[in-house]
Amino acid sequence: MQEPTGASKEALRGIPPHHHAQYQAELFHCGQEIIPRERINDNYCDCPDGSDEPGTSACSNGVLPCQNEGFKPLQLTSSRVDDGVCDCCDGTDEDGRQVQCENTCDAQAAASRQALQKSVQAYEKGSAVRAELIRDIT
């Protein structure tokens, strides 16, 4: 599938790539509601489940999936979308009007790997001490 551009890319904000086709149809179905594609991500909650506003904070029950490629995916509640705080390490939770978010996923992944490595080293050191103590008492 070709990457969307312009307005269609904005309409796809907050939609996982495997759902793009569903949101590109002329009519969008959400429960009993059927709305035209133009009303997706228009800052008005048309669907009871909030699925028509994945990239805005219009629906109180909405969810924005952060892909965070290279790090951990994350699901944000819609109240954290466009609030001026970069919650997704890939910056997809902000539209760039209030704040410009840097993509920090690679740096966060590196820090997470380093912290995990330190934990493994501490565990190995503790295991060696434990093994030594067991040898001493037997």
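**Figure 1. Contacts of Asp93 in the predicted model.** In this predicted model, Asp93 is in contact with Arg13, Leu64, Leu76, Arg80, Val81, Asp82, Val85, Cys86, Asp87 and Cys88, when neighbours within four places in sequence are left aside. The residue belongs to the loop between strand E4 (74–77) and helix H3 (105–137). Asp93 has a relative accessible area of 0% and is therefore buried, the limit being under 20%. Val129 lies 36 residues from Asp93 along the chain, and the C-alpha atoms of the two are separated by 46 Å.

**Figure 2. Gly91 in the loop between E4 and H3.** Gly91 is located in the loop that runs between E4 and H3. With a relative accessible area of 12%, Gly91 is buried. Along the chain, Gly91 and Pro17 are 74 residues apart, and a distance of 16 Å separates their C-alpha atoms.

**Figure 3. The nonpolar cores.** Eight residues make up the largest nonpolar core: Leu12, Ile15, Tyr23, Phe28, Cys30, Ile35, Ile40 and Cys47. Another core, of five residues, lies apart from it and includes Leu64, Cys66, Leu76 and Cys88.

**Figure 4. The hairpin of strands E1 and E2.** Strand E1 (residues 27–30) pairs with strand E2 (residues 33–36) in the antiparallel sense, over four bridges. The two strands form a hairpin with two residues between them, and Gly31 in the turn has a positive phi of about 60°. Phe28 stands opposite Ile35 of E2, while His29 has Ile34 of E2 as its bridge partner. In a regular strand, side chains alternate between the two faces of the sheet. Phe28 and Cys30 form the covered face of E1, whereas Leu27 and His29 form the uncovered one.

Figure 5. Helix H2 (20–24) and strand E3 (63–66) are the elements that give two or more residues to its lining. The lining comprises 15 residues, of which Gly14, Tyr23, Pro54, Val63 and Pro65 lie nearest the centre of the pocket. By class, six of the lining residues are nonpolar, eight are polar and one is charged.

**Figure 6. Asn41 and its positive phi.** Most residues other than glycine have a negative phi. Asn41 has a phi near 55°, a positive value in a residue other than glycine. Its place is in the loop between E2 and E3. The relative accessible area of Asn41 is 14%, so the residue counts as buried under the 20% limit.

**Figure 7. Asn68 and its positive phi.** Asn68, a residue other than glycine, has a positive phi, near 45°. The loop between E3 and E4 contains Asn68. Its relative accessibility is 3%, and Asn68 therefore counts as buried.

Conventions
Residues numbered from 1 in each chain as written. Predicted model: local features only at pLDDT ≥ 70, side-chain atom pairs only at ≥ 80, totals over all residues. Heavy atoms only, no water. Core = buried A, V, L, I, M, F, W, Y, C linked by side-chain atoms within 4.5 Å. Buried < 20%, exposed > 50% of the residue type's maximum accessible area, 1.4 Å probe, protein only. Contact = heavy atoms within 4.5 Å. Pairing = 2+ DSSP bridges. 1 Å grid on protein atoms, 1.4 Å probe; cavity = no way out; pocket = protein on both sides within 12 Å on 5 of 7 lines; lining within 4 Å. Nonpolar A, V, L, I, M, F, W, Y, C, P; charged D, E, K, R; others polar.
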